Amino acid sequence: MTAGLTLAILAGALVGLQNVFNHRVSERAGTWPTIALVLGFGFAASLALGWLAEGRRMFALPDMQPWYWFSGLIGVGVVLCLVQGIRWLGPTYAVSIALASQLGFALLFDAQGWLGLERIPLSPVKLLGAAVVVAGIIVFKAGETRRGEPAPGE
């Protein structure tokens with residue numbers, strides 16, 4: 001469990017870092033070049049590292065539904081939406097909303113058993129946890145001051 005927690009925390013840190021990088025690239029290059037760079041470099045790195053780590057076994061995909069192969073197309077949507085969301089909302093608010101949405105859809109997929117997942121029923125505690133995350137985002141946004149304006153009491 002400790003390894004799983006550590007990896008999940010690291011994933012969150014890497015996603016946060018990637019979003020900042022993506023935002024900086026998009027400021028100079030635009031949205032579509034950013035998506036191409038992010039996913040292109042990701043493809044090249046994963047192909048090279050996968051080949052080094054697994055060799056030809058990397059391409060053995062037994063009993064996989066063919067439509068799962070296209071999950072990289074979903075990555076285009078992820079990068080597109082986050083780059084634009086960060087542009088309009090700022091990094092913290094955009095990522096907070098994205099994480100709350102991710103949590104909500106994960107709960108839905110688990111509860112429905114969609115895409116071959118084991119069905120895990122919703123419980124009041126799980127719904128309360130998701131509501132606390134959403135409430136935290138609302139509190140965060142409500143306490144935000146406009147850019148260039150002093151915070152209350154300054």
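Let's start with Glu 27: with a relative accessibility of 43%, Glu 27 counts as partly exposed. The labels work like this: buried is under 20% relative accessible area, exposed is over 50%, and partly exposed lies in between (1.4 Å probe, protein chains only). Arg 24 is partly exposed as well, at 45%, while Arg 28 is exposed, with a relative accessible area of 68%.

A word on what you're looking at: this is a predicted model, where local features need pLDDT of at least 70, side-chain atom pairs count only at pLDDT 80 or more, and totals for chains, interfaces and linings use all residues. Residues are numbered from 1 along each chain as its sequence is written, and side-chain values use heavy atoms, with hydrogens and water left out.

## The salt bridges

Side chains of opposite charge can pair when their charged atoms come close. Here a salt bridge means a side-chain nitrogen of Lys or Arg within 4 Å of a carboxyl oxygen of Asp or Glu, and the count comes to two.

One joins Glu 27 to Arg 24, at 2.9 Å from N to O. These two sit three residues apart in helix α1 (residues 2–29), so about one helical turn separates them. The other pairs Glu 27 with Arg 28, where the closest N and O atoms are 3.4 Å apart. Put together, Arg 24, Glu 27 and Arg 28 make a linked network of salt bridges.

## Helix α1

Helices here are DSSP runs (H or I, at least four residues), numbered from the N terminus. With its 28 residues, α1 spans 40 Å from first C-alpha to last, close to the expected 40 Å at 1.5 Å a residue; that expectation is 1.5 Å times one less than the number of residues.

Which residues of α1 are buried? Asn 19, Asn 22, His 23 and Ser 26 are. Their cover includes α2 (31–54), α3 (71–89) and α4 (91–112).

## Where α2 meets α3

The axes of α2 and α3 come within 10 Å and cross at roughly 130°. Axes are lines fitted to C-alpha atoms, for helices over the stretch in contact, with angles from 0 to 180 degrees between N-to-C directions. That makes the two helices oblique to each other, the label for whatever isn't under 35 degrees (roughly parallel), over 145 (roughly antiparallel) or 65 to 115 (roughly perpendicular). Contact (heavy atoms within 4.5 Å) involves several residues, among them Trp 32, Ile 35 and Leu 39 of α2 and Gly 72, Val 76 and Leu 80 of α3.
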